[in-house]
Amino acid sequence: MSPNRSTLLNLVADPARAYDLLAAELLPLQMAAAQELFDERVTQIPLVRQRAHDAGITAIRTPQDLLPLLFAHTVYKSYPQSLIDQGRWDRMLRWLQTLSVADLGNVDVKGVADVDEFLERLWAAGHCVLASSGSGGKCSFLNHTLGDRELKTRHFKYTSGWPFARSAHDRALFWLGPIEGRNSAVEAAQINRANWGRPGSMYALKAPLRMVDVNRAAAMRKKMADGSATPGEIAAFEAEAAAKAERGRAEMAALADVILDHRDEPIMLSGMWGQHMMIVQRARERGIADGSFHPQAIVMAGGGVKGIALPPDYKEQVDRFYGDVIRPGAYGMTELSQMMPRCEAGRYHRAPGLVWLVSDESGERLLTAADDADAKGHATGRFAFLDLLYEGRWGGLISGDKVTIDFSERCPCGRHGPTLLDTITRYAQSGPDDAIGCAGTIDAYIRGAVEA
């Protein structure tokens, strides 16, 4: 790894300094590191080289030079769905190669039955590819190396819980989801286990996460929404979903009892809002009062409310139930290795090895404080970044998230800025309605490479 990249990434071992650096001090180091990374990737990943050629970029001196080199967030699911439907795993390898540093020629895909086996073959050949699924039932495939995984685990060690708690192997750890599978959310659970879990005290749902099941369900929901599903398909899907939900409720109820039995300890607990409401309900059945958890317990909640009937005040109920515990927060996404922790003032801070950019909605123009009509030093637009950690792929991306950045020199917490406000929303869901200017040319290049 190049010197400036290594220097920036190593700063996270001292989070008190890492998240309190002057922007004027950090930016020159980030641009030098971006140049070092660009010099490597432009020779390794043809799509990076094509983006540089199209934009006429030969050097990165400013963030504006970097913006045209970033990929649209849809790129990691830009393969034709027919390749998976028809089991064309050789063509899927060709597609993945356009986005990967390492040569994938050592992957044996003969006899692959489904997407989960495809992922296992990649890992067996040394390519640590993770999958995530979208609402349309189409996986993103994200390549990284074992070294990337180690550095990401280190980053989480010093960042997860900041600035409220530091990781140590002394907590019963509860993850209200699967702990096995080649999925980005599962990886987060495994990293937390490595950084926080007390040996023999790791609790999660037992069934592994199979991407083929997740994507089949998402694809079926899409068919039901557009009216193309037959009555027989719908009946079979609903019956299977009901049986799976009943098994899940039974397992979650048993896990809730274990969590409640550990409430006097400083546990670490992470799950979705609906799951936390199940714990609340079970506690009420057992006569356990609100605020009974250890004050050093770490509780994280978020997501999982779509299609679930929850009371309007579910967040307030969950907060009241756990009481005065530690509630760290972070902003991140599956494409990122370096999450952004939330400070005491509710703002998100950047890691030194993560270059922040905020663009207009089209992803073509960099926004600055001058774009704030109210002259408060804020700008609202599309979040983009260059993650300097990855060795397995190019870490530059224009996301689907709408963010507001505060360019002020200091955050209300007293640390140096810039910071992101806790007002993050999505632009249109991934697809043709989320119009990023570079997406079309990127997709066209990849189609040409796969079809060649």
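This is a predicted model: local features need pLDDT of at least 70, side-chain atom pairs count only at pLDDT 80 or more; totals for chains, interfaces and linings use all residues.
As for geometry, the two axes sit 10 Å apart and the helices pack at about 65°, with a right-handed crossing.

The side chains of Glu187 and Lys152 come together at 2.7 Å, N to O. Glu187 belongs to H10 (residues 184–196) and Lys152 to H9 (residues 146–159), so the pair links parts of the chain that are 35 residues apart in sequence. Across the model, the salt bridge count is 24.

Most residues other than glycine have a negative phi, and most peptide bonds are trans. Another cis bond joins Gly417 and Pro418, this time with omega at about 10°. Pro418 sits in the loop that runs between strand S12 (396–406) and strand S13 (419–420).

Moving on to the sheet, four strands line up in the order S5-S4-S6-S7, paired in parallel, and the sheet is open. Its edges are S5 (197–205) and S7 (298–301); each of them has a single partner strand, so one side of each has no neighbour in the sheet. On average, and ignoring direction, neighbouring strands are turned by 15° against each other. Inside the sheet, S4 (residues 171–178) and S6 (residues 268–271) run parallel and are joined by three bridges. Leu173 takes part in this pairing, with Met268 as its bridge partner in S6. Helix H13 (residues 273–285) packs on this sheet and touches S4, S5, S6 and S7, while its direction makes about 125° with that of S6.

H13 has a helical partner too. Its axis and that of H14 (residues 314–322) come within 10 Å and cross at roughly 55°, which makes H13 oblique to H14. The crossing is left-handed. From H13, the residues involved are Trp273, His276, Met277, Ile279, Val280, Ala283 and Arg284, and they meet Tyr314, Lys315, Gln317, Val318, Asp319, Phe321 and Tyr322 of H14. The class breakdown for H13 with H14 is nine nonpolar, two polar and three charged residues.

The axes of H7 (residues 89–97) and H8 (residues 115–124) come within 12 Å and cross at roughly 55°, so H7 and H8 are oblique to each other. H7 passes H8 in a right-handed crossing. On the H7 side the contact is made by Trp89, Met92, Leu93 and Leu96, which meet Val115, Phe118 and Leu122 of H8. By class, this contact has seven nonpolar residues, with no polar and no charged ones.

Two packed helices are described by the angle between their axes and the distance between the axes. For H9 with H10 those values are about 65° and 10 Å; for H13 with H14 they are roughly 55° and within 10 Å; for H7 with H8 they are roughly 55° and within 12 Å. As for handedness, H9 with H10 is right-handed, H13 with H14 is left-handed, and H7 with H8 is right-handed.

Technical notes: Residues are numbered from 1 along each chain as its sequence is written. Side-chain values use heavy atoms; hydrogens and water are left out. Axes are lines fitted to C-alpha atoms, for helices over the stretch in contact, and angles run from 0 to 180 degrees between N-to-C directions. Helices (H or I, at least four residues) and strands (E, at least two) are DSSP runs, numbered from the N terminus. Angles under 35 degrees count as roughly parallel, over 145 as roughly antiparallel, 65 to 115 as roughly perpendicular and the rest as oblique. A crossing is left-handed if the near helix is turned anticlockwise from the far one by less than a right angle, and right-handed if clockwise. Contact means heavy atoms within 4.5 Å. Ala, Val, Leu, Ile, Met, Phe, Trp, Tyr, Cys and Pro count as nonpolar, Asp, Glu, Lys and Arg as charged, and the others, Gly among them, as polar. Two strands pair if DSSP finds at least two bridges between them. A salt bridge is a side-chain nitrogen of Lys or Arg within 4 Å of a carboxyl oxygen of Asp or Glu.
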